[in-house]
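We will go from stop to stop, selecting as we go.

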Amino acid sequence: MGDEAFTDINGKAISMDCHSHSGFCREFTVSSPKVSVGKVMVYTCCVWLLAYTVFFFTQNTAVLSSAILITLVGMMFHIHFVKVDHESLLVIGSLGIQVSSCYASGRETTTFIEMSKIKDIVINEAIYMHQIIYYLCVLLKDPAEPKAVSSVVPLFQSSKPRLNCLVKVYKSCQEILSKC
């Protein structure tokens, strides 16, 4: 499974890369497109033109200063907390699953789930806006009742890959889980 072209639920191009570290360890990385410079310029120009229009009628320079500050803070907030460059899923046979998200600013969040807490990995479906979408999720065991599911951890929440990408990840994960 090399680099293949996939799309997200909105039809935007994403890529999925799979690295097989061993028979019991695989890493899946789903990458989203980079931040569009054109979109950033359009939003910035719109905010600044609106601010200049207000300034023209009010002659208050605080309006222009506020517009500059708001756009800078908004861009920093977007690249540090919203825009995810890539998400990865590392499945280690007898140890567990690590889920990571790397943001456009370089910030990274990582979560590890022990294999003893995992009941299964499944493809689930949900109603999103006016369509049915599919997502990969980890079912966690209920500590009180081992046959029950206590919670669901969705994977690839930002990139939202379509079913054909999820099936490849699912089959590979099930192959590893069946060996444990």
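Begin by selecting Arg26, a residue of strand β3, which covers residues 25-31. Keep in mind that you are looking at a predicted model.

Is Arg26 buried or exposed? Its relative accessibility is 11%, and because the cut-off for buried is under 20%, Arg26 counts as buried.

Now show side chains around this arginine. The Arg26 side chain has a polar contact at 2.7 Å with the side chain of Ser172. Another polar contact, also to a side chain, links Arg26 to Glu175 at 2.7 Å.

Next, select helix α3, residues 163-179. This helix packs on a sheet, where it touches β7 and β8. Turn the view to compare directions: α3 makes an angle of about 165 degrees with β7.

Which strands make up that sheet, and in what order? It is an open sheet of three strands, ordered β7-β8-β9, with antiparallel pairing. Colour β7 (118-128) and β9 (149-154) as the edge strands, since each of them pairs on one side only. Looking across the sheet, you will find a twist that averages 40 degrees from one strand to the next.

For the last stop, zoom in on β8, residues 131-141, alongside β9: five bridges join them in the antiparallel sense. Pick Leu140 there, and you will find its bridge partner in β9, Ser151.

Notes. Residues are numbered from 1 along each chain as its sequence is written. This is a predicted model: local features need pLDDT of at least 70, side-chain atom pairs count only at pLDDT 80 or more; totals for chains, interfaces and linings use all residues. Side-chain values use heavy atoms; hydrogens and water are left out. Two strands pair if DSSP finds at least two bridges between them. Helices (H or I, at least four residues) and strands (E, at least two) are DSSP runs, numbered from the N terminus. Axes are lines fitted to C-alpha atoms, for helices over the stretch in contact, and angles run from 0 to 180 degrees between N-to-C directions. Contact means heavy atoms within 4.5 Å. Buried means under 20% relative accessible area, exposed over 50%, partly exposed in between (1.4 Å probe, protein chains only). A polar contact is a pair of N or O atoms within 3.5 Å; within protein, one must be able to donate a hydrogen and the other to accept it, and residues adjacent in sequence count only if both atoms are side-chain atoms.
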